[in-house]
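Please open the structure in your viewer and keep the selection tool at hand. The tour below goes from the whole chain to single residues.

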Amino acid sequence: MELFEQIRRDRRLDESISIRGLADRYGVHRRTVRAALADPVPPQRKLAERRAPVLDGARELIDAMLTADLTAPRKQRHTAVRVRDRLVTEHGLVISYSTVRDYVRVARPRIAAEAGRSLDEVFVPQWHEPGAEAEVDFADLWVDCQGQRVKWYLFTFRMSYSGKAVHRVYQSASQESFLAGHVAAFTELGGVPVGAIRYDNLSAAVKKICQGRSRVETDRWTIFRSYYGFDAFYCRPGRDGAHEKGGVEGEGGRFRRTHLVPVPAVTSVGELNALLAGYDTADDARRVGSRTSTVGFDFAHEKPLLRPLPAEPYEVATTLTPRVDRHARVSVRQVSYSVPARLVGRRVRVVLDDEHVSVYDGQALVAVHARSTNRGSQMLVLDHYLDVLARKPGALPGALALAQARTSGVFTSTHDAWWDAARRAHPDDDAAATRSMIEVLLLHRNLPAAAVLAGIQAALAIGATNPDVVAVQARHAATAPDSGIVIPLPARIETDPRPVPDLTAYDTLLNPATTTETH
């Protein structure tokens, strides 16, 4: 460009200079001088066509693979690596990965265009009114909880204007968790968007997808929306509708990459949610994209524009009335939970929320379980079966409730030590030893677990296997937990060195005839 400008300038300053003179002055060909004088813009340089002989036998094969991808499932289409592997293993070609990669990059959009498809969709930038719109999404999240890697679900609620987001983790993507996430988000934000909130077609909200944007919503979801006073906008099903709530889609990925890598290790859902709340607060200082203001600054502008919250939060728990089966269990969402055996055959009231299953007999709370997400599983409490086991002691060793109590740590090694001692004391009567164990377990209903364990340890220390001894020691430990001592008991005496007392004088008192004759 500069060369052409200099040639044209010299010609303007001295029109007598010849083309040969200009060519000699700048060391170029006369054709270049003529081109510069004819047009100030240099002509585009023709690029040499580079051939890749190794592709001569592979182009048709690669095109065939990419053509087949047009009708293949989205997650089972050829990558450049897979294309290269097939060329090597199935067709015996010697070809590098970079050669295949470069060809696939150009060929894939060409083949899609020839088939009347476009790999690239054009999106129109959108503007969101402050306080008007939000987006919601559920995403999978892997967590290390108590030594096991489990899949939980990350609920994300994002305000479209400011980018302010609220995150919560739940063990399942149930309707109770879905509603609880909204309540938590509305409470954290201090209000409700005045416009629409965008959603996928989650089963927690949508019962049936109709033509276009029409949806048949679940009854509880309709009531929930009416309670808080907001509208729902449902995206197109599948991948085609993902961009319609692209803000929350990107936010979920950003949040996981930023705060949840490596895989978080926690002991409970509550512990992780406490961490997420701190991360949300810290994210108020970040900037979205090329914005000059922070998330917290923009949200402070839109918060006063939100619709005020109702006086009371919505009760997200679901109430059910199942019947207790013959195994003292109720079935809730394909999971069995134990209740006291005395309730067999009766209907009870179950309150199901996102974390717990609470069972009521009338107004009395009779059982509380952590909600299980494993369909077909059983959540049993050993105490619920103790009254039955007292009559059927032989069922205790193989009871599923006992196995779960051992796994959870409720039935400890101290209990096992007591049971073993009771068996040694009753070598010919295993039922009596088991009943003694059950009597000790029944103490947990009225005494703290630590006190009962202290009572067991005190009894074992003197070799006593009487449940009454454990009860006495446990009550003392419960009433004086800080004393650090228990009631001292004498050690068992196997042999007494003293002579047997002589009771002859007492025998004469018991015989009136002998006493009369003596007098």
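Begin with everything shown: of the 519 residues of the protein, 38% count as buried, where buried means under 20% relative accessible area, exposed means over 50% and partly exposed lies in between, with a 1.4 Å probe and protein chains only. What you see is a predicted model, in which local features need pLDDT of at least 70 and side-chain atom pairs count only at pLDDT 80 or more, while totals for chains, interfaces and linings use all residues. Residues are numbered from 1 along each chain as its sequence is written, and side-chain values use heavy atoms, with hydrogens and water left out.

Colouring by secondary structure brings up 19 helices and 15 strands, which are DSSP runs numbered from the N terminus, helices being H or I with at least four residues and strands E with at least two.

Next, select F157, F178, W221, F224 and F230, the residues with the most contacts inside the largest nonpolar core, which has 32 residues. Such a core is a set of buried Ala, Val, Leu, Ile, Met, Phe, Trp, Tyr and Cys residues joined through side-chain atoms within 4.5 Å. The elements that give two or more residues to this core include β1 (134-145), β2 (148-159) and α8 (219-228), and α7 gives the most, with eight residues.

Keep F230 selected and look around it: not counting residues up to four places away in sequence, F230 touches, among others, H182, F186, I197, Y199 and W221, contact meaning heavy atoms within 4.5 Å.

Apart from that core lies another, of 28 residues, with A328, I438, I456 and A459 among them. Select A328 in the loop between β9 (318-320) and β10 (329-332); A328 is buried, with a relative accessible area of 2%, and has a positive phi of about 60° although it is not a glycine.

Move on to R333, in the loop between β10 and β11 (335-338). R333 also has a positive phi, of about 55°, without being a glycine, but at 42% relative accessibility R333 counts as partly exposed.

Two stops remain. In the loop between α9 (246-259) and β8 (265-266) you will find P262, joined to V261 by a cis peptide bond with omega of about 0°. Finally, select N273 in helix α10 (residues 269-283): N273 is buried, at 12% relative accessible area, and, leaving aside neighbours within four places in sequence, N273 is in contact with R168 and V169.
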